[in-house]
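Biologist: I am new to this one. Could you show me how to read it?

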Amino acid sequence: MEEIGRRDFIKTAGVIAGTVALSGFPGGFPGILHARTKSAVAIVKSDMDLGSSFAFDMSVWGDDTTKSKQKLGLMEASWTPESMAEIESMVRKACKLSGGLPVKKGDNVLIKTNVVQTPHLGFFLLDKYSPARALATISDPRVAIATAKIAREQGAKTVIIAESNASNCHSFFQEAGYERGVAALKDPAVMTLYLDGTPYKMMKPPTALALPQYAIFDIVEKVNVMVSINPMKTHMWAGTTMTMKNFIGLPANKVYGSYKSGLHHSNIADVIVDLPAIVKDRVRSNFGIVTGI
């Protein structure tokens with residue numbers, strides 16, 4: 001793992017505001033930047049191939065019907081202990097470089113992940129689909145688990161790893177390994193939450209750009225810290241999606257539909273500004289982690 005100076009980072013990577021980035025392939029640009037927002041940006045690189053250390057058990061889709069039934073058709077992810085240790089080390093270093101995870105004793109922490117795709121469909125429907133491609137689409141569970149551990153060490157009362165995606169979040173979390181990873185922590189204060197079906201309320205952004213108000217899961221009024229974990233990827237409407245686009249998961253599916261199609265996707269940029277502004281008014285501290293694994 002490496003870091004570079006502020007001036008070289010600006011010349012090489014441009015300006016990114018208020019986040020932590022993790023890169024799991026050689027050639028990334030590690031470093032730290034204090035942006036105009038007064039947020040710190042840290043980039044940490046690993047020479048370990050963190051993508052190939054993440055795999056899916058495909059045997060459930062084989063010809064052995066009995067074996068498939070025993071596994072209930074679940075294609076669940078797994079990873080090597082070495083990769084988990086490397087990612088945890090990267091998260092710890094990036095948090096330290098950027099000023100520390102803003103968690104205090106007694107805080108309730110929401111880790112908002114981006115798990116928008118069920119991997120087994122990708123393997124069946126897309127050419128040359130791979131675990132690495134799956135990791136380019138969803139938040140790496142190893143990063144969320146490492147973040148949860150750090151939050152608990154800093155005194156967090158509860159850590160909730162949550163998502164509300166386009167379809168069945170429960171099965172997505174299972175397949176991506178979130179449930180297995182959280183269970184391995186053996187910490188009842190760290191839990192997964194599927195936001196669909198949880199209470200929501202109408203909330204107004206301070207300066208409404210796309211809509212005057214939004215139906216938002218009310219968990220944002222019950223936590224002290226929100227950590228947005230998102231892969232660095234492209235999007236057909238937003239262009240690129242980092243931690244702010246991840247806030248699209250906070251409006252209630254019951255109001256906007258399973259693909260959030262009731263939101264103004266023709267004006268997605270303004271929606272992306274409105275939603276973090278709503279959270280900023282209600283959550284004391286916000287932190288972002290972008291993965292490039």
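Biologist: Which residues is Gly 155 in contact with, leaving aside its neighbours within four places in sequence?

Modeller: Contact means heavy atoms within 4.5 Å. By that rule, Gly 155 meets Lys 104, Lys 105, Gly 106 and Asp 107. This is a predicted model, where local features need pLDDT of at least 70, side-chain atom pairs count only at pLDDT 80 or more, and totals for chains, interfaces and linings use all residues. Residues are numbered from 1 along each chain as its sequence is written, and side-chain values use heavy atoms, with hydrogens and water left out.

Biologist: How many residues does the largest nonpolar core have?

Modeller: A nonpolar core is a set of buried Ala, Val, Leu, Ile, Met, Phe, Trp, Tyr and Cys residues joined through side-chain atoms within 4.5 Å. Here the largest has 44 residues, and Val 91, Val 109 and Ile 161 are among those with the most contacts inside it. Another core, of 28 residues, lies apart from it and includes Phe 247 and Leu 250.

Biologist: Which residues does Val 109 touch?

Modeller: Not counting residues up to four places away in sequence, Val 109 touches several, including Val 103, Ala 151, Val 159 and Val 227.

Methods
Buried means under 20% relative accessible area, exposed over 50%, partly exposed in between (1.4 Å probe, protein chains only).
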